[in-house]
Amino acid sequence: MSEEKVTVITVVYNLIKSGRVKYFKQMLRSVRNQTYKNIEIILVDDGSQDNSAKICREYSLNDSRIKFLQKENGGASDARNLGLENAKGEYVTFLDSDDYWEGNGALVALVNIINTYPDTEVIFFRRFSFSERDKVSRISPKFDLCKINGKTKIESLSYLFSKGLFIPSACNKLVRTSILKKNKIVFQKGIVAEDIDWSFYVTVAVENFCATNHLFYAYRRREGSVTHSMGVKHIDSLLFIIEKWYKLIPQLCLEDVRLQSLFLGYCAYQLTIVLGILSVIDRSQREFYLKRVKKSLDLFLYANDRKTKGVVFIYRIFGLNVVVSLLGFFFRLKYKK
């Protein structure tokens with residue numbers, strides 16, 4: 001049985017000031033207690049202004065599997081990139097400092113898939129989300145493993161995109177490290193939706209995908225309404241990614257029109273997210289961004305999942321302003337206090 005080393009990267013910032021030390025300790029405990037022991041845990045302190053570095057250093061001195069790195073503040077992307085530069089594991093994954101893994105069999109489940117499918121380059125896994133306030137869990141849907149594991153790239157992605165199961169997060173997948181280093185895949189600095197951009201690069205580069213229905217990633221939902229969690233910066237980041245990949249996809253997927261269509265369809269889905277956020281920003285700013293959105297509306301031709309197709313249907317009948325209002329209503333329901 002192959003026992004690949006797995007690197008887990010976590011970015012740390014102002015644990016004490018933010019009152020999240022207990023969450024960090026729960027996160028770290030959940031990784032250290034895994035029954036699979038061939039792991040490397042990289043903690044990257046992103047220029048904390050409290051004693052976060054001291055906490056991390058003490059853990060690294062007491063557990064040889066923990067590597068502590070410290071840098072000037074530069075944001076999560078910059079810190080993750082430093083972690084990747086120093087990763088020694090054959091596979092790598094990310095775990096946010098206030099999330100955790102449920103149970104001690106997460107890595108065993110992932111490594112078992114690698115042993116079953118040795119060519120695996122990415123493994124998708126599921127998560128459940130919760131908040132400290134309402135304790136209500138939202139569980140991600142199950143994968144139909146027969147449509148992913150052992151299938152071709154186009155077969156796996158067609159299923160994931162069409163069913164809305166492609167989640168562009170760095171924390172819901174295990175990735176072969178050599179793929180990232182060979183293709184120089186890093187996180188874009190200066191944006192708030194860096195996981196989407198990074199996940200696109202990963203998905204273009206990878207040929208062999210797998211998934212597991214083992215449910216272990218616990219995502220802690222932050223408190224607050226959509227008006228607090230999303231705004232102009234989020235819109236700017238998403239439009240940057242959409243406009244960038246609208247141009248890149250035909251260049252990077254030259255040999256397969258089907259792949260182009262799948263990626264462009266996902267860009268169309270992200271465009272619907274932008275439209276939803278537009279409803280919660282100032283009206284004068286909204287008009288500016290609507291003009292920018294209109295330049296990318298051709299993406300709706302590639303809609304390939306049920307939600308995006310529904311938005312396109314409403315848009316064609318009632319127009320863009322109605323779509324913004326309706327999506328804004330659903331956003332408020334989802335993120336309400």
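The structure is a predicted model, in which local features need pLDDT of at least 70, side-chain atom pairs count only at pLDDT 80 or more, and totals for chains, interfaces and linings use all residues. Residues are numbered from 1 along each chain as its sequence is written, and side-chain values use heavy atoms, with hydrogens and water left out.

The patch lies on the surface and is formed by Phe-313, Ile-317, Phe-318, Val-322, Leu-326, Phe-329, Phe-330 and Leu-333, which together have about 810 Å² of accessible area. Patches are made of residues with over 30% relative accessible area and no salt bridge; like charges are joined within 9 Å, and nonpolar side chains (Val, Leu, Ile, Met, Phe, Trp, Tyr) within 5 Å. Accessible areas come from the Shrake-Rupley method with a 1.4 Å probe, and for residues only the protein chains shown count as cover. Helix 13 supplies the largest share of the patch, 5 residues. Val-322 has its place in helix 13 and is partly exposed, with a relative accessible area of 33%; buried means under 20% relative accessible area, exposed over 50%, and partly exposed in between (1.4 Å probe, protein chains only). Phe-331 also lies in helix 13, but at 11% relative accessibility Phe-331 counts as buried. Between Phe-331 and Val-280 there are 51 residues of separation in sequence and 9.1 Å in space, C-alpha to C-alpha.

Attention now turns to the buried elements. Helix 5 (residues 153–162) is largely enclosed by the rest of the structure, because 7 of its 10 residues are buried. These are Lys-153, Ile-154, Ser-156, Leu-157, Tyr-159, Leu-160 and Phe-161. Their packing partners are strand 6 (122–130), helix 7 (194–205), strand 9 (209–220) and helix 10 (257–278), with contact meaning heavy atoms within 4.5 Å. After helix 5 comes Gly-164, which has a positive phi near 70 degrees.

In helix 2 (residues 52–62), the buried residues are Ser-52, Ala-53, Ile-55, Cys-56, Tyr-59 and Ser-60. They lie on the same side of helix 2, because they cover an arc of only 160 degrees around the axis; the arc is that of the directions from the helix axis to the C-beta atoms. An α-helix has 3.6 residues a turn, so residues three or four places apart point the same way. Leu-61 and Asn-62 are exposed on the other side of helix 2. The buried residues of helix 2 pack against strand 1 (6–12), helix 1 (21–32), strand 2 (39–46) and strand 3 (66–71).

Strand 4 (residues 91–94) is covered on both faces, with Tyr-91 and Thr-93 buried on one side and Val-92 and Phe-94 buried on the other. Strand 4 runs parallel to strand 1, and 4 bridges join the two; strands pair if DSSP finds at least two bridges between them. In this pairing, Val-6 stands opposite Tyr-91. Strand 4 also pairs with strand 8 (residues 173–176), here in the antiparallel sense over 2 bridges, and Tyr-91 faces Arg-176 of strand 8.

Charged pairs complete the picture. A search of the whole structure finds 13 salt bridges, each being a side-chain nitrogen of Lys or Arg within 4 Å of a carboxyl oxygen of Asp or Glu. One of them joins the side chains of Arg-32 and Asp-63 (3.0 Å, N to O). Arg-32 lies in helix 1 and Asp-63 in the loop between helix 2 and strand 3, so this pair ties together parts that are 31 residues apart in sequence. Arg-32 counts as partly exposed at 26% relative accessibility, whereas Asp-63, at 8%, counts as buried.

Asp-46 forms a salt bridge with Lys-71, and their closest N and O atoms are 2.7 Å apart. Since Asp-46 lies in strand 2 and Lys-71 in strand 3, the pair ties together parts that are 25 residues apart in sequence. Both Asp-46 and Lys-71 are buried. Arg-292 forms a salt bridge with Glu-243, with the closest N and O atoms 2.9 Å apart. Arg-292 lies in helix 11 (residues 283–294) and Glu-243 in helix 9 (residues 232–252), so parts 49 residues apart in sequence are tied together. Arg-292 is partly exposed at 22% relative accessibility, as is Glu-243 at 26%. Finally, salt bridges that share partners join Asp-46, Lys-71, Asp-78 and Lys-189 into one network.

Technical notes:
Helices (H or I, at least four residues) and strands (E, at least two) are DSSP runs, numbered from the N terminus.
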